[in-house]
Amino acid sequence: MMKQKKPLTKVQYLKKFSRAVRWRLPPQESEEAIADYRELVFQPERDEEKLVEELGTPAQAAHLITDVKTYRRWLAVFAVLAFGLFLQTKWLWTARGVTFNGARVWWNPVLVMVIGLPLSLYWFRKHGQENGPLSKRLLITLAVVAVVGCGILCRLWQLSGVSVFDQYPGGSYGFERQVYWLNTAMMCAGVLMAFAGVTGLVLAKCRDRRWLALYILCLTVGAILGFIIFVIHAMDMTFGAPELMRTYVFSHILPVGVIGLIGTGVALC
Amino acid sequence: MLKKDLLELCLLQLLAGGDKYGYEVLTPLRTAFPDTQESAIYALLRGLGKSGCTQWYMAPGGGGPDRKYYKLTPAGRGRLEELRRDWRNMRDAIASFGVE
């Protein structure tokens, strides 16, 4: 025998409707619709059992008041921003990029950031809305992302400091093992950044536009990690002067990091 | 005239009789058009507000919290007249075929 689905309570209905409508509509319009539905749903005469029958499912109700043109535009922006995170992760795992006009392949992840950062800031500044005080969860998540990024950079700094053969008893083999572990850590961190970045985007749309800061920070860390991975893969491990890589990498990722942090700060304001 | 226009006509006609809050508009329309969900009627009401046919204001409801009342604007009255004309024409056209 089929198990009958439990009917939605008024609170559950409004919660589901709010989620759907915040995703589809601009902030002011969605708040207006939620207020209207709160009034409609919580009418004392309203029978909770017949809620879906009378009003339709929350998704249907949200769909009916969606301005298709505006919603499609948002979906297109979201797709571009999320695809950027996906590309960064893919490059972190494959270390195979695309070359444009002879430009070095390790700029690929940074190029994603060059597109994603201004586009997201522009969109959410224009169409987003602040909602209440700054979330503690957002600050904690930002701190975690920053710690992961800084931790990997510190390890890279250590690894690229002293001559390979002096530093590791195993000679070049020992060094390669360390690079392998760093590489693996960066690949895993890349996946984490992609998930956190998409979460930041969704929450920026549905809750508070300041969650965009999480997306921008993840994009920045993703770009930096991608840059490093490409450089490591292009490096000649038998060459005994890793400090050259340190100079090269850190002088290039510093401006990327600074721009990313400025973007994160702007998103938080 | 589509069903949507008929719903719009009834909705504007209801508001022509005096300002009403959401539930007060939706319930009689749902009773008259039982196969139409209230969300669809609400979407219509919202669309009329966007096109300037209706306006809303907050006013105290019967002992409870403030309610959102909808009222007809001059543009809404014009739209109502237009829909009434269409309805009469359609009714006459159908009657000419002997449909009672």
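Colleague: Which residue of β3(B) stands opposite B:Y21?
Modeller: That's B:Y69. Keep in mind that this is a predicted model, where local features need pLDDT of at least 70, side-chain atom pairs count only at pLDDT 80 or more, and totals for chains, interfaces and linings use all residues. As for the labels, residues are numbered from 1 along each chain as its sequence is written, while chains are lettered from A and ligands numbered from 1 in the order in which they are written.

Colleague: OK. And what's opposite B:K20?
Modeller: B:Y70, also in β3(B). β1(B) and β3(B), residues 66-72, pair in the antiparallel sense over 2 bridges. Two strands count as paired if DSSP finds at least two bridges between them.

Colleague: How many bridges join β2(B) and β3(B)?
Modeller: 7, again in the antiparallel sense. B:Q55, for example, stands opposite B:K71 in β3(B).

Colleague: In what order do the strands sit in the sheet?
Modeller: It's an open sheet of 3 strands in chain B, ordered β1-β3-β2, with antiparallel pairing. At the edges are β1 (20-21) and β2 (54-60) of chain B, each pairing on one side only.

Colleague: Zooming out, how many helices and strands does chain B have?
Modeller: 4 helices and 3 strands. Those are DSSP runs numbered from the N terminus: helices are H or I with at least four residues, strands are E with at least two. Starting at the N terminus, the elements of chain B go α-β-α-α-β-β-α. The C-alpha trace of chain B spans about 50 × 30 × 20 Å along its principal axes.

Colleague: Which strands does α1(B) lie across?
Modeller: Helix α1 of chain B, residues 3-16, lies across β1, β2 and β3 of that chain, and runs at about 105 degrees to β3(B). Axes here are lines fitted to C-alpha atoms, for helices over the stretch in contact, and angles run from 0 to 180 degrees between N-to-C directions.

Colleague: At what angle do α1(B) and α2(B) cross?
Modeller: Roughly 140 degrees, and their axes come within 10 Å; α2(B) covers residues 22-32. That makes α1(B) oblique to α2(B). Under 35 degrees would be roughly parallel, over 145 roughly antiparallel, 65 to 115 roughly perpendicular, and the rest is oblique.

Colleague: Left-handed or right-handed crossing?
Modeller: Right-handed for α1(B) and α2(B). A crossing is left-handed if the near helix is turned anticlockwise from the far one by less than a right angle, and right-handed if clockwise.

Colleague: Which residues make that contact?
Modeller: B:L7, B:C10, B:L11 and B:L14 from α1(B), with B:V25, B:P28, B:L29 and B:A32 from α2(B). Contact means that the C-beta atoms, placed from the backbone, lie within 7 Å. By type, the residues are 8 nonpolar, no polar and no charged. Ala, Val, Leu, Ile, Met, Phe, Trp, Tyr, Cys and Pro count as nonpolar, Asp, Glu, Lys and Arg as charged, and the others, Gly among them, as polar.

Colleague: New topic: how many residues of chain A are in contact with chain B?
Modeller: 11 residues of chain A, and they contact 13 residues of chain B. On the chain A side, α2 (27-41), α3 (51-55) and α4 (58-64) each supply at least two residues.

Colleague: How do the residues on that side of chain A divide by type?
Modeller: The side of chain A that touches chain B has 5 nonpolar, 3 polar and 3 charged residues.

Key
Contact = placed C-beta atoms within 7 Å.
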